[in-house]
Every structure is written in C-alpha cells, then in structure tokens.
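Below is a brisk report on one protein model. Please keep the sequence and the 3D view open while reading.

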Amino acid sequence: MPAATPDSASILSHGSSVAARSAFNRGNVFTLDTFSSKDFIVKDFVEALSDSAVPASRRSGSTARQAFDPKPLIRTFEHALSRLKTLSEDLETRENELSGSVRRAEAQHNQNIRSRERELEQAVHSFQRLERSLDGDADSGGNAAVRIGERLEELDRQRQRAQDVKFILQCWLEVSEKGDLSSLEDVRRLGGGDGKVRCAHIARQLLKISQRLDPASQAQMNGTKHANGVNGVDHGDESNGTPPKYKTREIIEKFLEMLEKDLLKQFDDFYRRQNFDGMRECAIALRDFNDGASVMGLFVNQHQFFIDRSQLITEELPGDTEVWNQSADPDAEPPAVEPTLRSLIDEVKVVMQEESFIIKRAFPFYEEVLARFLQRVFQQSIQQRLEMVLDKANSISSLTFLRSLQAAKIYIAALVDDLKAHGLTEHPDPVSSPTAAVLDQQLDDLFVPYFVGSSYIEREKKNLEELCTSLLFKFTIYHSRRRKIPTSYLGSLSARSKELISSARDVYIDRLDSADLPASQKAMLTRIAGLNSSSASADTKADANIDVNDEDGQLSLPFTKRMLKWLAESVGRGLELAPTHETPKDVRELLHLLIANMGEIYLETSLDAANETAAGLENTKSEPDLSYITDLRTSIAILHLMVTTIQTLLLPLAASHLTIRRELEKATNAFVERTEGKIDSVLQRTIDAALAYTTRLLGGQRKADFRPRDDAQLQLDALQTPTCASVVAFLSRLRDRAAASLAGRVRALFLAELATGLRALLLAHFRSYQVSLTGGLVVSKDMTQYIALLRSFDLPEEVGFDASLEVLTEIANLFVINAEALRERVRGIGSGTLGGVEKADLRPYLLRRED
C-alpha cells in the first residue's frame with residue numbers, strides 16, 4: 001500500500017478523530033527519565049510505539065480480511081514527535097539553567113582564587129617585613145630577638161634552679177625536723193627514670209648540706225658521742241635554743257643506699273628481660289653512685305660467661321701426652337695453641353661481639369663498661385687459663401714452654417685484631433681509640449711477666465745451649481778423649497778448644513743430673529745426644545762408659561742445619577714475642593751463642609785438630625794420612641752457612657741499633673778471619689807435609705836409576721823409576737782428595753802451591769844425579785810422568801803455571817840430545833822455549849851429563 005501524503009493524512013485525521021483519540025489514549029506516555037535510563041534502546045522504543053498504535057483486531061491475525069490502516073501509526077508517531085519536541089524544549093531550558101549556574105560558580109571560584117592570592121601576597125609581604133626586621137639593626141632587629149630568647153632561657157633555668165632549691169630546702173626541712181624524706185620518696189616512686197636520676201642528685205645535695213649544717217650528725221658518724229644525744233635524738237644546744245634534730249646524715253645515706261639497691265635490682269630485672277631502655281635509665285641514675293661502679297660491677301660480675309667459666313678454671317688441662325711430648329721435639333713443627341685455651345679465646349670473641357651490642361644500648365657511658373668487661377675477660381678468664389697452659393708446658397720442657405708461649409701470643413693477638421676490626425660498640429666501624437688502647441694494654445699485661453728484664457732471652461739461650469750441647473755431646477766426648485789417646489786422624493786440641501769442650505760437657509752433664517730438669521726434657525736431650533736411657537741414668541760425669549767412634553768426631557752438615565734451624569725458630573719466636581726495642585740486644589746474645597757453640601766448639605775444634613794433625617805429619621817417615629782434608633769441604637760449607645745466616649738473618653735485625661750492629665759485624669769478621677786462618681793453616685801444613693814426604697821419596701832415588709847398564713836398555717820403554725811411580729801415586733791421591741774436598745779458588749790456590757813446590761823439588765832433584773846417555777831416556781820418562789801429573793792439576797790460566805812446565809821438558813831434553821845438538825841448544829838460550837833462562841841456570845844440569 002502506498003504511503004499516505006500529508007493531504008491525505010490531514011483528511012484522515014478529520015475523518016477519524018474518534019479513532020485517533022482512542023489510539024492516542026492507548027499510546028505510551030514517556031518523559032525525560034525514559035531516555036536517561038541506561039537500558040534505553042531506540043529500536044525497542046519505536047517497536048513499543050508501533051505496537052501501541054496497531055488495533056487489537058489486527059494483532060489477533062485478522063489482517064487478511066481488513067486493509068492496512070496507517071492512521072493509528074501516523075497519529076501515534078505525530079503524538080510522539082510532539083512529545084519529543086516538548087521534552088527537547090524542557091531539556092534545553094534545564095541545560096540553560098545549569099550552564100548559568102556553572103558560569104556563576106566559575107565566576108565565584110575565580111573571585112575566591114583572586115582573594116586567596118591577595119591574602120598570600122599579604123602574608124609573603126608580612127614575612128618579608130618580619131625577616132627584614134630580624135636582619136635589621138641590633139636594637140630593633142634579629143639580634144634583639146636572639147637576646148630576648150637567651151634571656152628567656154636564662155630565666156627558665158633560674159626558675160628551674162629556684163624550684164630545685166625550693167624542693168631541696170623542703171626535703172631538708174623534712175629530714176631535719178621530721179626525720180623522713182617523704183617528698184623525695186614520692187619523686188622516686190612516681191618519677192620514673194628521670195625521677196630516680198633527680199632523686200640521686202638531690203639526695204647527694206642533701207648529704208652535702210648535712211655535712212655542713214649538722215656537725216653533730218657528722219660527729220656521730222665519726223664515732224663521737226654527743227652529751228645531749230639520747231636514743232638517737234640530738235636535743236640540740238640548749239644555750240642557743242636550737243630545736244631537736246634527727247641524724248640527717250644517717251637518714252640520707254640510708255635513703256641513698258636504698259635507692260642504689262632499688263636501682264640495681266631494677267637494672268638486673270631489666271637485664272633479664274632484655275629491656276635495654278629500662279637498663280639505660282637505671283644506668284643513668286646509678287652514674288651518680290661511685291661513678292657507676294656498682295652498676296658496671298653488677299653487669300660484669302653477673303654475666304653468664306664468667307659464671308660458666310669460673311667452674312672450668314680449676315679443671316685439669318686435658319690433652320694427649322704424645323702431643324705434649326712432640327712439642328718438646330726441636331725437630332718437629334711447633335704445635336698449635338692448646339685446645340682449651342683456643343676454645344676460650346674463640347668463645348671470648350663471640351661473647352664480646354654479642355655483648356658489645358647490649359652495652360651500647362644499655363649504657364650511656366658504654367666505653368667505660370666495655371673497658372671494664374674487657375679487663376675482666378683478659379685478667380681473669382684468659383690469664384688464668386694461659387698460666388695453667390704455660391705451667392703445664394714448663395713441666396714438659398723449656399722448648400715446650402717457649403712454643404706454647406708463642407702460639408698463645410699469636411692467637412690472643414689475632415683475637416685483639418679481630419675485635420678491633422669488628423668495632424664492638426662502634427660496629428661496623430673500627431673500635432674507638434680508647435678501646436683500642438685498652439685492648440693493646442690488656443694484651444701487653446698478659447705477657448709482661450714473661451719478658452721482665454732479660455728473662456725471655458735467657459730462656460731462649462738456655463734452650464739453644466741445651467739442644468746444641470746435646471747434639472754435640474759425643475763430638476765433645478770424642479775430642480776430649482783424643483788428647484789422652486792421640487791418633488793419626490785428628491790429634492790433640494788447642495788449649496782454648498779444650499776449655500770450651502770441657503765447659504760445655506760439664507754444663508750438659510750437670511743439667512742432666514739436675515733434679516729440676518723434667519723427665520720428658522731429659523729424655524729428649526739424651527735422644528738428641530744419641531745416648532740410651534741406661535747411660536743417661538747412670539753417673540754421667542764418668543763419661544768413660546759412653547761409646548764414641550771416628551764419625552762422632554767429624555763435622556756433619558745435617559747437624560749444622562739442625563742447629564741453624566733451631567736458631568731460626570728462636571729468632572722468629574723472639575720477633576713475635578719480645579718487644580721491638582729489645583730485638584738488637586737479643587740478636588747480639590744469639591750471635592754470640594752461635595759463634596760459641598757452632599763456631600768455636602764445633603767448627604774451630606775440628607780445624608784445630610786438623611791443624612795439629614797436619615803439623616805432626618811433616619816429619620813422618622811413612623806416607624802421611626792426609627784423609628783429614630776431606631773434612632775441609634764440610635768445614636768450608638759450615639762456615640759459609642754460618643756467615644750466610646748471620647748476614648741475612650741476624651745483622652739486619654740489629655740495623656736499628658748502630659752500636660750493636662758494629663759490634664756484631666766486628667765479632668763476625670773476627671770469627672771469619674780466625675776460621676779462614678785456621679783453614680789456610682791446615683792447607684799450608686798439608687802442602688808442607690806432602691812436599692816433605694815427596695822430598696823423602698825423591699831422596700830415595702838410586703844413583704843407578706839414571707845410569708842403567710847397557711843390557712837393561714830394552715826395558716826402558718816400559719819402565720819408569722820406582723821413585724817416580726811412588727811420587728806420582730802419592731800426589732795423585734792428594735790431588736783427588738783436594739778435588740773432592742776443595743772447590744773454586746781455594747782448590748786452585750792449593751794445587752798451584754803444591755805444583756810450585758813439586759816443580760822446585762824436581763828442579764833441585766835432577767841437579768843431584770849423574771845421567772848417562774841411556775839414563776837421559778829414563779830422566780825423560782820420569783819427567784814426562786811428572787809433567788802429566790802437574791797438568792792433571794787443571795790449574796787456571798791466570799795462575800800462569802803451564803809455561804813453567806815447558807822448562808821441565810827442556811831440562812829433560814838436555815840429557816837426551818847429543819853433544820852437537822846440545823851446543824846448538826845452548827847457543828839459542830835467551831830466545832824460544834828457554835827464553836828468560838840464563839846459562840848459569842843450566843850449568844848444574846849440563847855438568848850432570850857424563851859426556
């Protein structure tokens with residue numbers, strides 16, 4: 001059906017007015033709230049209008065019989081449009097009203113902001129004027145305000161002082177007239193921590209007043225009886241009419257005592273409950289009582305650490321006997337700190353780190369409390385345990401004592417360093433200077449008794465002397481017997497060496513026989529000396545029962561190294577234990593001990609024996625036993641070790657004391673020169689003995705050796721004279737011993753001296769025998785052997801000995817060549833091989849030719 005035009009719609013509206021009204025009446029009525037609902041949907045709204053405009057008959061399904069009538073829909077939508085227009089106008093009106101209200105509110109807000117800005121500007125201007133006035137002149141500006149403030153503070157202090165004076169006077173009147181301190185008691189009960197502090201201060205003021213205003217009470221406290229005093233009441237001086245008074249001093253002191261006990265009990269309760277603030281208040285109040293000594297003593301004495309440790313102090317030291325005995329062995333490594341002492345020190349470290357936190361929070365004067373706590377820990381717990389450990393160590397041996405002392409000092413010093421680094425009450429910062437000083441002082445006080453005077457270095461010297469004397473005991477016994485039964489090996493000793501050996505042996509024997517020597521130390525010394533228990537337990541002064549052999553009388557590098565190791569341990573121990581300023585003096589004592597024992601008793605004794613043995617061989621008829629020079633290599637090595645030890649270990653430690661260093665250098669140089677002189681003497685006497693025996697061998701040369709019979713000519717190529725063979729064999733053995741015993745420049749000089757002496761003997765030897773033409777071959781054969789022997793000495797070129805060997809060769813040739821060749825050879829003297837040799841020098845050899 002075509003849509004209806006406006007004309008047709010108007011006609012329809014006039015023709016069906018009744019139906020339209022009925023349809024309109026059935027239409028939906030809506031307002032602005034309908035469109036403001038969140039559930040509003042346009043489609044549903046239009047469908048609702050359409051449903052309301054359709055007649056019921058059409059909705060029931062009669063559309064097939066009736067034609068579509070758009071009028072109800074048109075009227076319904078017209079009415080809806082009209083209603084929408086009305087609502088739109090109402091909405092516009094309301095919007096205009098709200099917009100006007102917003103404009104008015106904005107205008108009012110802007111006006112309020114401008115008003116606040118003006119007020120802020122006024123406040124800023126006022127503040128600036130005030131600031132300018134405070135910064136202005138002294139009479140009207142800030143200085144005046146400052147003076148006013150200071151004056152107000154002073155007035156407040158005066159007011160407070162006046163109140164305190166008033167209260168003190170009130171308390172004095174109470175105690176002097178009524179005999180009680182009720183007002184002060186009220187302050188104590190109700191004032192808290194500050195009240196207790198005030199009570200203590202006021203009570204002490206009252207005590208001073210009592211001492212000045214109540215001499216009778218003072219006299220009674222001093223034991224003087226007052227004539228008018230009855231039952232504790234002083235009736236005063238009747239002549240002056242003074243009223244009766246109570247014993248004010250006694251009352252006040254009882255109050256102070258009660259207050260102190262109350263505060264201490266309260267402090268202890270707070271400590272058990274870990275109430276640090278309460279502990280701090282009590283500590284502040286108790287500061288006025290003997291400078292807080294009572295509260296510090298309570299805190300320290302009641303500490304659980306000291307209660308637990310007090311029961312352990314009297315306990316015996318546990319420990320393995322084998323470990324203790326091993327600590328007495330000088331060749332074993334030094335032991336660690338004793339286990340119970342180490343456990344105590346470890347516990348102290350933990351306790352101090354934990355308690356320092358409590359001390360810092362509980363005491364305003366925490367550094368004093370910490371110092372008291374540290375003193376108690378070191379002077380009671382650590383010192384008592386340390387003394388027990390050292391007493392036990394001393395009962396084992398002197399070396400065990402020294403080693404235990406060193407280990408304890410190192411471990412306790414490490415504890416002090418750890419506490420300093422931790423900081424204690426200053427954690428995590430390092431400790432303060434006063435606390436560090438307390439720690440250092442406690443560490444020094446622990447070990448002061450062991451370093452008084454020269455007690456420490458005397459212990460070290462005694463220990464080293466005992467060890468070295470034990471090690472050299474058989475050596476000294478051997479050499480002391482050699483003067484009674486001299487042999488061909490070492491001979492008798494010099495007077496000085498004999499005295500040193502006798503003294504060292506007697507001291508050692510007396511020490512072993514001493515009742516003060518611990519059994520374990522005696523066993524260790526006898527073991528070092530190589531003695532068995534039976535010989536040690538017998539009368540050691542009768543040393544004939546002690547078996548010694550040649551090895552016991554020889555020098556030993558292992559023995560030397562052991563003694564130097566003991567010395568190095570002693571020096572290191574001294575650096576860690578003894579005060580620094582005592583080091584040069586201690587080093588001087590140790591150097592003298594080293595020279596006396598290892599130098600004089602050991603090294604010089606052996607060299608003296610070798611010297612006297614070599615001196616006794618110069619006139620021997622049989623081949624001298626020169627095997628003693630084998631020990632020279634050991635002697636030189638020992639001397640080198642000693643000098644190296646002195647220069648690298650001892651002398652640098654005395655550098656800070658120039659006088660002592662010069663003294664040590666002088667003593668060292670004197671010892672080295674003396675020892676080198678003895679070594680040189682042994683070598684020179686050895687050369688003299690060797691050349692003397694060589695002379696004896698050459699003297700046994702037969703005259704017929706260089707004038708053989710003609711029938712012996714066939715054997716000349718294979719034979720040499722027996723004298724030459726003996727000399728070569730003897731000197732070859734000496735050369736081999738020198739090569740094995742000496743080294744470097746010493747060996748070169750020794751062999752050069754020996755070669756020079758042998759050449760002189762040979763030159764003189766061949767001037768003493770007639771040589772036939774055939775005997776010249778024998779001379780040449782012997783000379784070849786001698787030259788080969790001298791060349792085997794392997795002398796360095798700088799000695800310049802090789803050139804002189806050619807002279808020996810040419811002298812041998814003088815006996816071999818014929819007369820015509822000899823004349824030519826003599827004419828050539830002054831040049832060539834014999835350059836520098838005069839004819840007069842050759843004349844004795846030429847005269848020994850038969851032709």
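## Salt bridges within helices

Glu 665 and Arg 661 lie 4 residues apart in helix H28 (residues 658-699), so about one helical turn separates them. Helices here are DSSP runs of H or I with at least four residues, strands are E runs of at least two, and both are numbered from the N terminus. The model is predicted: local features need pLDDT of at least 70, side-chain atom pairs count only at pLDDT 80 or more, and totals for chains, interfaces and linings use all residues. Residues are numbered from 1 along each chain as its sequence is written, and side-chain values use heavy atoms, with hydrogens and water left out.

The side chains of Glu 665 and Arg 661 form a salt bridge, 3.1 Å from N to O. A salt bridge means a side-chain nitrogen of Lys or Arg within 4 Å of a carboxyl oxygen of Asp or Glu. Glu 665 is partly exposed, at 29% relative accessible area. Arg 661 is partly exposed too, at 25%. The cut-offs: buried is under 20% relative accessible area, exposed is over 50%, and partly exposed lies in between (1.4 Å probe, protein chains only). Salt bridges with shared partners also join Glu 600, Glu 604, Asp 608, Arg 674 and Lys 678 into one network.

Helix H11 holds another such pair. Asp 269 and Lys 265 form a salt bridge, with their closest N and O atoms 3.4 Å apart. They are 4 residues apart in helix H11, so the separation is about one helical turn. Asp 269 is partly exposed at 27% relative accessibility, whereas Lys 265 is exposed at 54%.

## A salt bridge between helices

Which residue forms a salt bridge with Asp 418? The partner is Lys 349, and the closest N and O atoms are 3.3 Å apart. This pair links distant parts of the chain: Asp 418 sits in helix H18 and Lys 349 in helix H16 (residues 339-362), 69 residues apart. Asp 418 is partly exposed, with a relative accessible area of 33%. Lys 349 is partly exposed as well, at 29%. The structure holds 23 salt bridges. In general, side chains of opposite charge can pair when their charged atoms come close.

## The H18 and H19 contact

Two packed helices are described by the angle between their axes and the distance between the axes. For H18 and H19, the axes come within 10 Å and cross at roughly 170°. Axes are lines fitted to C-alpha atoms, for helices over the stretch in contact, and angles run from 0 to 180 degrees between N-to-C directions. H18 and H19 are therefore roughly antiparallel. That label covers angles over 145 degrees; under 35 is roughly parallel, 65 to 115 roughly perpendicular, and the rest oblique.

On the H18 side, the contact includes Leu 405, Ala 408, Lys 409, Ile 412 and Val 416. On the H19 side, it includes Ala 436, Leu 439, Asp 440, Leu 443 and Phe 447. Contact means heavy atoms within 4.5 Å. By class, the contact of H18 with H19 has 11 nonpolar, no polar and 3 charged residues. Ala, Val, Leu, Ile, Met, Phe, Trp, Tyr, Cys and Pro count as nonpolar, Asp, Glu, Lys and Arg as charged, and the others, Gly among them, as polar.

## Lys 409

Lys 409 lies in helix H18. This residue is buried yet has no salt bridge. The nearest side chain of opposite charge, Asp 444, is 5.8 Å away. For charge, Lys and Arg are positive and Asp and Glu negative; His and the chain ends are not counted. Setting aside neighbours within four places in sequence, Lys 409 is in contact with Leu 443, Phe 447, Glu 576 and Leu 577.

## Backbone exceptions

Most residues other than glycine have a negative phi, and most peptide bonds are trans. The peptide bond from His 427 to Pro 428 is cis, with omega near 5°. Pro 428 lies in the loop between helix H18 (398-422) and helix H19 (433-447).

Gln 274 has a positive phi of about 60° and is not a glycine. Its loop runs between helix H11 (248-272) and helix H12 (276-286). Gln 274 is partly exposed at 40% relative accessibility. Asp 794, also not a glycine, has a positive phi near 55°. Asp 794 is in the loop between helix H31 (773-791) and helix H32 (802-814). At 65% relative accessibility, Asp 794 is exposed.

## Whole chain

The protein chain has 34 helices and 2 strands. Of its 851 residues, 41% count as buried. Among contacts between residues at least 6 apart in sequence, 78% join residues at least 24 apart.
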